[in-house]
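This report describes selected places in one protein chain. Please look at the sequence and the structure first.

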Amino acid sequence: MVLSDVSWWMWVILFLLIVAIRDIFFQKKHTISHNFPIVGHLRFLLESIGPEMRQYFVSNNREELPFNRIERGWIYASAKKENNYEGFGTDRDIYANQHMFVNNAMLPYKPEGNHPSLKDKSFLPCAKVMGAYNNRRRPFRPASVINVSAMSFGSLSAKAMDSLNKGVKIAGAYHNTGEGGLSPYHSNGGDIIFQVGTGYFGIRDDEGRFSMDKLVSLVEANPFIKAIEIKLSQGAKPGKGGVLPAAKITEEISKIRHVPLGRDVISPPSHSAFKDIPGLIEFIENIAQLTGLPVGVKAAIGKIEQWEELADLMIATGKGPDFITVDGGEGGTGAAPPSFADHVSLPWVYGFSELYKVFLKRNITDRIVFIGSGRLGFPAKAAMAFAMGADCINVAREAMLSIGCIQAQVCHTNRCPSGVATQNKWLQNGIDPTLKSERLSQYFKTFSKEFIEVTHAAGYEHPCQFTMRDININVDDKNLTSKLDKTYKYEKSPVPFTSMQALKDCPYLGGKAPQA
Ligand SMILES: Cc1cc2nc3c(=O)[nH]c(=O)nc-3n(C[C@H](O)[C@H](O)[C@H](O)COP(=O)(O)O)c2cc1C
């Protein structure tokens, strides 16, 4: 009998027999496969496709996290300029605990005549100027209140980065580099906030120490860098530092970051350039002096004592950060241990309210631009953030969704199926940066337009005018709703605001402000 005479089903039986022998006698890793040869493999297969199956068939519209189907659908539709409405009324339980409402005015705000909001329905710049109080040489007013949050080239692919960066240029927003340094994909001319992390990637010497000379040269060579952000921590892994796995380090990344090839890259939990709060202030001032740029910090909030020390020192010295980015414990990451992602640092509303009160008590909120991040990329949530004192919001995962991320939650494996969070060339080749940059920009424009509409519905011209008393939140069954000032026990200080036209005429307005 020759091999070609063996029928196909005999080949199948032979194959299954080999698998069964391997399962029982040769492999030692999986008890299930040993005890249930062949069928035991089904468990691993079903487990691996379980998230997708649940997402497509089982989960209801509102139950998935970090972003449920309605939220993802709103971003996808907004990014594609498709119909993003819902029919038949809300499907939310609006009596549920923590549900929030915006109090609408009897008569909404009505822009008239030459009002900038009539000429460009998505024109929505920040009401504060970064670096104004500290008289930095190059103050910066973000031209959009929604911006791309810190995500490094390395955790995201080159094509994703290129799409985001071209997208912010179209939308007139800024793009935070993340701690992985400035890459060619950040250099399409849109406003950049350069992040200084504990690994000092791209601005480090051979021993991994911070190099001021390199930072100053970088800023001089790239005038589109508009501010510097010192990362103290992020919500998904505060005090943990980070690892970029060797598998994700290409030759290009190793050059940009100034790190060796073939080894995991560690960013340590803390900075080596300063060791205490006075040291942090000195670090901020040195950078601001030598670059002329506004300098801020990013952190997730837990204990508040060191923030109080910072605020006291700001009063004593007249110095300090130009902006503070508060990341919520619900924040995303390329990779973090669940113990950190789930449990370390406060959720955004608790963390931000604690932090804001520190500066409010000392009457110095006007010195700082407050930026919020942590699932805030939705107009009503942003209204709540502004009512609490935020001046801008940063979005990371919402921005990823707008360029095609499907929330597969495998950013840490280098196998991102949408090509957004991987260095695998084949996977990222499906991304067309020209199309995806339009999507990011369209998401930002739709967000801004709807945010302005919500603002007008509440009777205001700009969202900086929201107060804590404009938002209610369901607290519990007895006291069904409570205004934010009662819930979080403060009232934000008013943001100086004259008109949208004044913001439009501001000489420090970044990006591509629309011309009258
Ligand atoms: C893939 C990925 C990479 C990130 N990298 C950084 C980083 O380099 N530096 C940083 O401060 N935050 C980083 N973050 C956190 C985000 O900037 C942001 O603070 C957080 O995800 C909350 O925003 P979101 O809810 O809009 O995603 C990263 C997040 C993601 C999803």
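In this predicted model, serine 78 touches Asn84, Gln442, Tyr443 and Thr446, leaving aside residues up to four places away in sequence. With Asn84 there is also a polar contact: the two side chains are joined at 3.0 Å. Serine 78 belongs to helix α4, which spans residues 69-79. Its relative accessibility is 1%, so serine 78 counts as buried.

The loop between α3 (40-58) and α4 holds proline 66. The peptide bond that joins leucine 65 to proline 66 is cis, with omega at about 0°.

Asparagine 135 is not a glycine, yet its phi is positive, at about 50°. Glutamine 407, also a residue other than glycine, has a positive phi near 55°. Are these residues buried or exposed? Asparagine 135 counts as exposed because its relative accessibility is 66%, and the cut-off for exposed is over 50%. Glutamine 407 has a relative accessible area of 7% and is buried, since buried means under 20%. Asparagine 135 sits in the loop between α5 (116-119) and β2 (146-148), while glutamine 407 sits in the loop between α14 (397-402) and α15 (425-428).

Next come the cysteines. How many disulfides are there? The count is zero. A disulfide requires two cysteine sulfur atoms within 2.5 Å.

| Cysteine | Closest cysteine sulfur | Distance between sulfurs | Relative accessibility |
|---|---|---|---|
| Cysteine 405 | Cysteine 416 | 6.3 Å | 12% |
| Cysteine 506 | Cysteine 126 | 9.9 Å | 12% |

The sulfur of cysteine 405 is therefore too far from that of cysteine 416 for a bond, at 6.3 Å. For cysteine 506, the distance of 9.9 Å to the sulfur of cysteine 126 is likewise too far for a bond. Cysteine 405 counts as buried at 12% relative accessibility, and cysteine 506 counts as buried at 12%.

Helix α7 covers residues 212-221, and its buried residues are Met212, Leu215, Val216, Leu218 and Val219. Why do these residues line one face of the helix? Seen down the axis of α7, the buried residues fall within an arc of 160°, so they line one face. Asp213, Glu220 and Ala221 are exposed on the other side of α7. Among the elements that cover the buried residues of α7 are β4 (191-196), β5 (225-231) and α9 (277-291).

Isoleucine 324 is buried, because its relative accessible area is 0% and the cut-off for buried is under 20%. Which residues does isoleucine 324 touch, not counting those up to four places away in sequence? They are Val297, Trp307, Leu355, Phe359, Ile368, Val369, Phe370 and Ile371. Aspartate 312 is 12 residues from isoleucine 324 along the chain, and the C-alpha atoms of the two are separated by 16 Å.

Conventions. Residues are numbered from 1 along each chain as its sequence is written. This is a predicted model: local features need pLDDT of at least 70, side-chain atom pairs count only at pLDDT 80 or more; totals for chains, interfaces and linings use all residues. Side-chain values use heavy atoms; hydrogens and water are left out. Helices (H or I, at least four residues) and strands (E, at least two) are DSSP runs, numbered from the N terminus. Buried means under 20% relative accessible area, exposed over 50%, partly exposed in between (1.4 Å probe, protein chains only). A polar contact is a pair of N or O atoms within 3.5 Å; within protein, one must be able to donate a hydrogen and the other to accept it, and residues adjacent in sequence count only if both atoms are side-chain atoms. Contact means heavy atoms within 4.5 Å. The arc is that of the directions from the helix axis to the C-beta atoms.
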